[in-house]
Amino acid sequence: MSQPSSQLVSEALERAKMHAPFLAMLAGREPQLIEDLDAALADPIGYARDLGGEMPVGQRLRIERRRLALLVALGDLAGVFDLTRVTGLLTDFADDALDRAIRAAILERTPDAEPQGFAAIALGKQGSRELNYSSDIDPILIFDPQTLPHRPREAVEEAAVRIGRRVVELLQARDGDGYVMRVDLRLRPSPEVTPIVLPVEAAISYYESQALPWERAAFIRARACAGDRVLGEGFLEAIRPFVWRRALDYGTIREIRDISRRIRDHYSQAQAFGPGYDLKRGRGGIREVEFFAQIHQLIHGGREPALRVPATRDALAALAEAGRIGAEEAAALTDAYVTYRTIEHRLQMVNDLQTHALPGDAAALDNVAQLHGLADGAALTALLRPHVERVGSIYDSLAGEAEPGLPSDSDALQARLTDAGFENPAGAARIVEGWRGGSYPALRTPQAREALESVLPVLLEAFAKAPDSVHAITRFDAMLSRLPSAINFFRLLEAKPALTQLLGAILSHAPTLADRLGRRPELLDGLIDASAFDPVAEVPALVHEMAACERGTDYQWKLEHVRRLVGEKRFALGAQIVAGASDPLDVSAGYARVAEAAADVLAAATVEEFARIHGRVPDSELVILALGRMGGQALTHASDLDLVYLFTGDYAAESDGPKPLGAVTYYNRLAQRITAALSVPTAAGPLYEVDTRLRPSGAQGPLTVSLDAFARYQREDAWTWEHMALTRARPIYGSEAAQTAVAAIVSEVLGGARPERDIAADAAKMRAEMAAHKPPAGPLDAKLLGGGLVDLEFAIHTLQLRHRTAFVPQLGAAIDALVGEGLLPATMRPAHDFLSRLLVTMRLVAPDAQPPGAATQALIARAVGLSDWDEVVATLERTRQEVSACWAAVRAGG
């Protein structure tokens with residue numbers, strides 16, 4: 001480089017002090033550099049590093065970066081450094097700083113070892129030696145388990161992560177001397193789940209089999225930049241076939257076009273040129289120049305090694321020389337790129353911010369223009385406008401290849417979806433384009449996207465014909481976003497097209513089922529067989545099925561086995577309502593049978609596991625009493641389980657195991673384990689919420705009590721609301737003798753062995769308090785609305801306790817008995833059935849109790865046995881009036 005002109009440098013320094021607070025600050029802190037500026041600009045890195053004395057590596061790097069930042073900016077502003085020189089200096093420093101940080105991090109931990117086995121792969125602008133003024137770096141960190149130094153008794157994988165963290169700390173830490181550089185490690189494979197430093201073989205395996213299209217583009221500019229260069233270069237050599245494919249197929253072409261579309265789609269703001277325009281992401285901006293070159297490199301570089309150059313301007317020149325793009329296009333893009341990057345540097349010099357957008361404020365825009373040596377913001381936009389228009393026009397000309405199946409062109413795809421009958425074809429097209437872009441983990445691999453393309457025609461046809469195409473495709477999209485893998489799911493739908501119709505209905509109507517599918521897509525497998533729509537088996541058969549597992553000695557496996565079966569059966573029961581295959585009352589009873597069987601099997605397994613450590617309490621056992629909807633054998637999809645844990649025998653006894661416990665402690669811990677088995681979420685999903693607040697003394701009392709204590713409490717201390725709850729009590733676990741003993745206590749208490757109270761007054765007070773603290777969720781809350789199921793239940797339980805009759809846990813049977821005795825109007829049984837059907841259905845398809853869409857309204861009408869939605873609303877209103885009148889009469893003593 002020739003010696004810089006003192007006048008140009010002086011003018012640049014004055015502009016820097018006037019228009020760039022960051023540069024003015026640096027100049028004030030580095031007076032010696034300013035004094036020797038001409039010499040320093042002749043050797044900026046040498047002068048930046050000329051500090052003298054010993055200091056920690058992090059501090060030294062921060063000061064070097066500060067000094068280099070000042071020299072590069074002044075050389076750039078003075079016009080004595082061109083863009084290549086500017087980006088080269090910044091990149092050289094980044095490489096060196098990263099290398100020194102890696103060496104320091106290794107030697108800090110293992111001082112006598114050779115720093116090896118740890119490499120940084122530069123991507124993006126660092127990889128192409130085009131770093132901008134305030135750029136972060138995006139390396140991928142890899143290690144070789146065979147050669148990386150680590151401490152004795154330390155796993156090499158843990159050592160690698162600790163070294164990586166220290167490297168990031170050395171580079172990113174800020175103090176009075178500033179910082180070295182920002183480090184972004186999110187370009188590594190699956191950053192949300194992988195360690196920050198990857199074993200080299202695992203990284204190679206990923207890029208050979210699972211990498212995304214954008215990762216192919218990113219590796220065009222990859223190079224081994226720091227650490228063990230031999231390791232890094234070996235890694236890049238191994239994955240070269242992944243980047244540079246010799247043959248093109250339709251999937252590859254689609255990938256390339258998806259990359260192209262996402263440039264503009266992902267950043268919809270700041271696209272229009274003017275103040276606020278994003279030089280990097282805007283239409284006709286930096287990214288479009290870079291992607292134009294990279295797209296052509298991906299298409300042709302597999303067969304033409306001369307095109308495999310990392311820097312953008314070099315790539316454009318190579319493509320033009322090979323005849324792959326026009327010479328005029330290459331020249332226009334190159335000129336634009338130089339201008340953009342130069343102004344981008346001006347933006348970043350002002351306050352050392354990683355910004356790419358022109359200021360929206362006129363004064364701030366004028367300031368950037370004047371830093372560049374222009375008169376004002378208008379002159380700056382005039383400089384940029386022709387380039388933006390030309391680049392945008394060139395980029396718009398990118399065209400793809402024809403391909404089979406659904407079109408990938410946005411307009412053509414939208415037209416196809418319109419013809420298919422989608423209510424919102426534009427929205428559906430955007431969703432499909434997102435799937436094709438591979439943004440979800442389930443769509444990361446080429447195999448997954450190939451499977452998606454195979455099933456898309458039949459899938460979209462089903463969604464178009466679904467009762468609600470908008471809900472169908474948006475809920476399917478949400479489901480895909482949560483799946484770790486979808487290949488088998490796609491193949492299932494492709495092999496069983498009829499399932500897509502049912503899937504469309506489920507997604508249209510049932511957000512709860514759609515959410516379950518998003519967690520366990522294999523639930524759909526259970527609907528292949530028509531038997532999935534048969535009534536659920538009785539409890540003994542379900543217990544046999546759930547208890548039949550191969551690994552009988554593995555407690556955790558038993559729990560998973562039961563949870564998996566319960567999930568499948570609950571999902572199938574919900575699908576029966578969506579498909580109109582079953583009466584919601586039968587489904588409700590089915591939910592309860594499944595829950596009872598699960599409680600039986602999980603309690604038995606937990607008792608056995610607990611006994612291995614603590615033994616058993618002699619002449620004693622656990623009994624589980626179900627209350628509420630569980631006791632009444634009428635659950636919804638969302639019901640919790642109201643359970644009370646009891647035990648027989650002497651409360652002062654002790655267990656006989658290796659670690660004996662007193663009976664009270666024993667059964668309290670055992671009950672906690674059973675509750676966890678029923679409620680703790682696992683890989684197979686959660687089962688039920690368990691509510692134990694109906695036990696004696698409620699949440700203030702022990703989790704389990706002896707039968708004697710339970711009987712005494714119910715006879716002497718229980719409140720009216722507790723006796724009302726007891727009307728639906730039903731033992732579901734324990735020996736026949738123990739269950740009979742509990743049932744006898746319940747029968748005795750309900751039959752009159754309880755304090756005399758004003759039951760109607762107590763019930764009315766409790767209902768008023770409940771209404772105040774737990775209002776209806778919405779206008780269709782069949783449970784909590786005035787005249788809803790809760791009012792009906794209060795009326796029934798008040799009559800049962802007052803007249804000491806009709807003690808049947810199932811509400812429908814209790815109503816029949818009360819009607820038979822002339823204590824309840826005959827209209828209450830159809831009222832109960834209507835409200836129960838509505839509740840069970842709404843919990844599944846409209847859990848917020850708000851009026852759903854028209855398609856789901858029709859489903860609800862069908863489920864409750866009415867002709868249309870208007871009749872549903874009218875029947876609900878009439879039923880509520882009837883129930884309210886009945887409850888008022890009961891309160892009044894009628």
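Predicted model: local features only at pLDDT ≥ 70, side-chain atom pairs only at ≥ 80, totals over all residues.
A crossing is left-handed if the near helix is turned anticlockwise from the far one by less than a right angle.

**Helices α2 and α6**

Helix α2 covers residues 21-29 and helix α6 covers residues 57-77. Their axes come within 10 Å and cross at roughly 120°. That angle makes α2 oblique to α6. From α2, the contact draws on Phe22, Leu23, Leu26, Ala27 and Arg29. From α6, Arg65, Arg66, Ala69, Leu70, Ala73 and Leu77 take part. By class, this contact has eight nonpolar and three charged residues, with no polar ones.

**Helices α21 and α24**

Helix α21 (residues 446-465) packs on helix α24 (residues 497-509) at an angle of about 45°. The axes are 8 Å apart. The crossing of α21 past α24 is right-handed. On the α21 side, Val458, Leu459, Ala462 and Phe463 make the contact. On the α24 side, the residues are Pro497, Thr500, Gln501, Leu503, Gly504 and Leu507. Here the classes are seven nonpolar, three polar and no charged residues.

**Two loop residues with positive phi**

Most residues other than glycine have a negative phi. Two residues of this model run against that pattern. Arg153 has a positive phi, although it is not a glycine. It lies in the loop that runs between β2 (140-143) and α9 (156-172). Asp619 also has a positive phi and is not a glycine. The loop holding Asp619 sits between α28 (584-614) and β5 (622-627). The table gives the values.

| Residue | Phi | Relative accessibility |
|---|---|---|
| Arg153 | about 60° | 85% |
| Asp619 | about 55° | 75% |

Exposed means over 50% relative accessible area. Arg153 therefore counts as exposed at 85%. Asp619 counts as exposed at 75%.

**A buried serine at a helix end**

Ser679 belongs to helix α30, which spans residues 663-679. Is Ser679 buried or exposed? Its relative accessibility is 19%, so Ser679 counts as buried. The cut-off for buried is under 20%. A polar atom of the Ser679 side chain lies 2.6 Å from the backbone oxygen of Thr675.

Conventions:
Residues numbered from 1 in each chain as written. Heavy atoms only, no water. Axes fitted to C-alpha atoms, helices over the stretch in contact; angles between N-to-C directions. Helix = DSSP H or I, 4+ residues; strand = E, 2+ residues; numbered from the N terminus. Parallel < 35°, antiparallel > 145°, perpendicular 65-115°, else oblique. Contact = heavy atoms within 4.5 Å. Nonpolar A, V, L, I, M, F, W, Y, C, P; charged D, E, K, R; others polar. Buried < 20%, exposed > 50% of the residue type's maximum accessible area, 1.4 Å probe, protein only. Polar contact = N/O pair within 3.5 Å; in protein donor to acceptor, adjacent residues only side chain to side chain.
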